[in-house]
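I opened this entry to keep track of what I looked up. The notes follow in the order I took them.

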Amino acid sequence: MSVVTNTTTIGAIEAPSRRNTELMLLVFAVAISVFGYANVGLAINGSLPSGILGYGTGLTLLAAVGHIVVRKFAPYADPLLLPLATLLNGIGLAIIWRLDQSPLLQQADHYAPAAPNQLMYSAVGVALFVGVLLLLKDHRILQRYTYISMVVAMLLLVAPMFFPAKFGARIWINIAGFSIQPGEFAKIAIAVFFSGYLMVKRDALALASRRFMGLYLPRGRDLGPILVIWLMSILILVFETDLGTSLLFFGLFVVMLYVATERTSWIVFGLIMSAAGAVGVATFEPHVQQRVDAWLAPFSKATLAQSDQVAKSLMSFGAGGTMGTGLGQGHSDLIGFAANSDFILATVGEELGLAGTMAILVIYGLIVERGVRTALAARDPFGKLLAIGLSGAFAIQVFVVAGGVMGLIPLTGMTMPFMAQGGSSVIANWALIGILIRISDTARRPAPSPAPSPDAEMTQVVRP
Amino acid sequence: MNKPLRRIAIFCGLLVVALLLRDNWIQYVTADSLNSRKENRRVEIERYAHQRGDIIVDGKAVTGSTVTKGSMYKYKRTWKDGPMWAPVTGYASQAFGATQLENLNDSILTGNDDRLFFDRTASMFTGEKKQGGNVVTTLNADAQKAAFKGLGDKKGAVAALDPKTGAILAMASTPSYDPSTFAGNSTGSDTKNYTKLKDDKNEPLLNRALRQTYPPGSAFKVVTASAALENGLYDSVDTPTRSPLPWRLPLSSKDLPNEGNLPCKNATLVEALRVSCNTVFGKIGADLGNDKMRAEAEKFGFNSEQFTPVRSNASVFSKGMDKAQTALSSIGQFNTAATPLQMAMVASAVANDGTLMKPYMVDRLTAPNLDTVAKTDPEKQSEPLTKEHAQMVQKMMEAVVTRGTGGKAQIPGVTVGGKTGTAQNGVNNSGNPYAWFISYAKTDQGSPVAVAVVVEDSNASRQDISGGGLAGPIAKDVMSAVINSKK
């Protein structure tokens, strides 16, 4: 019999690192994106696009750099996150390049091809991803920056108020010709702050409370930060008229509070407060009111006179049908200037059809799922909170944007992570993936094997 | 912390499921209704994405397509002799939609029609480019040319029919427009040209042959004569009509005047139509009464829209008028109003021995490979006159041309019957009168053409405006063109 019987020196059975799986998937992701790019060129001009070599090389380089850094510095990381992000980024690039070819958009004022910029921003994003993995050896270091994160988040959120509004919302800051959406970066900073704060206060919040009508009411001093966050999200809504960001922060906070305290009552409070805030603001903020009206009746005369973007987006989806028109063969450019940013999903809907859109949505769902899995696997509460915070924020953002573009909820003007044209979004989300990969690496890293015990030697049974 | 984490995971899953359900709802369930919304420009884009089929007259296309660069719409419609054919084809503009045949047969012209299914499927396998089918019209190019040239710079319309079938042979309307000038979608030239046409007080976009009703004046006396014969008021067209001169309008203190000092006292029907006696035909209307007159007018097509398939406005002979009003209406004044097409129908029914054929202008629709997918068969619309009575009216109308007011429509070697009309226009007759002429030609093989001409306005001075003088020659040219093209 060849049964292994050494029961005393159980070495940690090494978890497979899955780096080769990741490599395979990356090859797949890059190939699909390059194929999409070629498809657009063939459909529109009847020939392979001249930039295909540069585009393919660029995307391959980004994927390769990402993979090598992960292999070297986070060998036990989740193998799906990087390929999924690369795939979305690659498909996004192909679609943005496709919209660059639209004669309708080219006729618009201030037209500039967006794809080269997007490739550049993707490179910056991957650089930041690499930076996170190199500098952040252990995610727990972030705990030390709890309050600094809060200050940074506040500054980022308040900054747009000092810049002029664009398209009816004050969510941009302009520095040296670059337009930055600080909300995207604030998302990460605030997740770090919540994780640090809640990890310290979770027991106080969960246990030091009175029972009232079946709900646990927290003490006033613990309730303070919650009220602050609630007020902050409402202020963002009022002063920056940014429905999306305020929804994102409030949702993020409720999710993390619930995970930290394990108390359902927090969810109830969260919903009540957000409902109160939303109704309150909607009654006296015309911008928000318009969005709600447009959502309820996208084809009414009043809505079409205001903005027909949602109607056009819905017609784009309808035109795609089940199988889509094929890349480069739809007319999603009718949506106008926002076709390659907020409404990029409409192009997916029209040109890749129901099948393609569902695939994209499932890819987003998979990223969230890997994030939640990372949270489950993490061994420290800070890591758990940070992972769920980041993936929760990602999920809420995807839902808010896709739901808005598809007319499921009022339109809020956020961007599809990775796919939409826009520097801040791509860069910030690459950083977000970097942090998730770092947490998953720590979580899946095998515990160091115990030092060989000299006693084991002594008690070994030796059969004659 | 794992229990709430799992719940959050389920919550995130639900968010994704909600998105997936919504996606299925809009892209699968409501896709068709979204695609057929009028706000959806994809319909227009698709309409011009392929080479459009042609509208064909006498075997030759009067339309075409050109490729446009730098636009969402790939092909642009073109027309040959646009102003001449515009009343037939209508327009198909990328920016301003389509009208008439271009609109009604859009699905054939774009190639999307279900009747082209087999053709489309076949070309899918042969790899041919998608192409539209053709609309073959019944029009006669020579007749149309004669009509358009005859109208010239005058304002008016011509409608010509084949009495035996109802096929429309000519349909002209002036002033006209060239649909090519606004077929594209450039906000510069196309929009400017279209707005200019739309705002023009002469209404060049109006198809006067179908959509404008005029008081028919004396030309309506043909209908009144038919009513008299059909209702047995007179047995013969050669016996005196027992009508006095002057004749006082019933229930009124006014005499109905004739145009000039005409020999209308007790005139025979032939004589009365020849010189166009108001007294004789007014009295017939009053004697028959509103109901009988209206019944006869409706048999000729009054009071209902005609679909050729392009819709023509309903001509009017009112209901519930008293005897004096009926008398005035019976000489084509008061409330009576008729489209040129309607008056051509009157002439064609008389020429066709009393049978009115339904007017139509699409002979057949063909697939891109010229296979016929639909054909219009001549259809009887009604029988306003018996054969015997129709021939009596023919005798009257022929007298008008040989010895009466319609002399200018005479064609050597051809029997022509006609009736002039000079209809008062405006309050107290302030506007220039409308000059009418309705006629038909007859050869040994029967009657190949009936025509109605109206000249609404012209530079001629008031005294010179008369149906016979202004409209007669145009009718003659159109009839000659049809007869010559048949030889």
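Which side chains of chain B and chain A meet in a salt bridge? I found B:Arg42 and A:Glu350, at 2.8 Å, N to O. The rule I used asks for a side-chain nitrogen of Lys or Arg within 4 Å of a carboxyl oxygen of Asp or Glu. Across the interface of chain B and chain A that rule finds 1 salt bridge.

Ground rules, before going on. This is a predicted model, in which local features need pLDDT of at least 70 and side-chain atom pairs count only at pLDDT 80 or more, while totals for chains, interfaces and linings use all residues. I number residues from 1 along each chain as its sequence is written, letter chains from A and number ligands from 1 in the order in which they are written, and take side-chain values from heavy atoms, with hydrogens and water left out.

Confidence next. pLDDT is the predictor's confidence in each residue, from 0 to 100. For chain B I noted a mean of 87, with 96% of its residues at 70 or more. The complex has an ipTM of 0.90 and a pTM of 0.73 from the predictor.

Then the interface. I counted contacts as heavy atoms within 4.5 Å. Chain B puts 31 residues into the contact and chain A puts in 48. The two chains bury about 3,600 Å² between them, and 74% of that is on carbon and sulfur atoms. Buried area here is the accessible area (1.4 Å probe) that two parts lose on being put together, summed over both. On the chain B side, B:Met1, B:Gln27 and B:Arg42 lose the most area to chain A, together 22% of what that side buries. B:Arg42 is also the salt-bridge partner of A:Glu350.

I also looked up polar contacts. Between chain B and chain A there are 14 residue pairs, both residues at pLDDT 80 or more. Such a contact is a pair of N or O atoms within 3.5 Å; within protein, one must be able to donate a hydrogen and the other to accept it, and residues adjacent in sequence count only if both atoms are side-chain atoms.

Which elements of chain B give two or more residues to the side that touches chain A? They are α1 (2-29), α2 (31-35) and α3 (42-47). Of these, α1(B) gives the most, with 19 residues. Helices (H or I, at least four residues) and strands (E, at least two) are DSSP runs, numbered from the N terminus.

Chain A as a whole came next. I noted 17 helices and 4 strands. Of its 464 residues, 54% are buried. Buried means under 20% relative accessible area, exposed over 50%, partly exposed in between (1.4 Å probe, protein chains only). Among contacts in chain A with a separation of 6 or more, 73% join residues 24 or more positions apart.

A:Ser195 lies in helix α7 (residues 182-207). A:Ser195 counts as buried because its relative accessibility is 0%. Leaving aside neighbours within four places in sequence, A:Ser195 contacts A:Met256, A:Phe382, A:Leu385 and A:Leu386. A:Ile91 sits in helix α3 (residues 81-100). With a relative accessible area of 14%, A:Ile91 is buried too. Not counting residues up to four places away, A:Ile91 touches A:Ser33, A:Ile360 and A:Met419.
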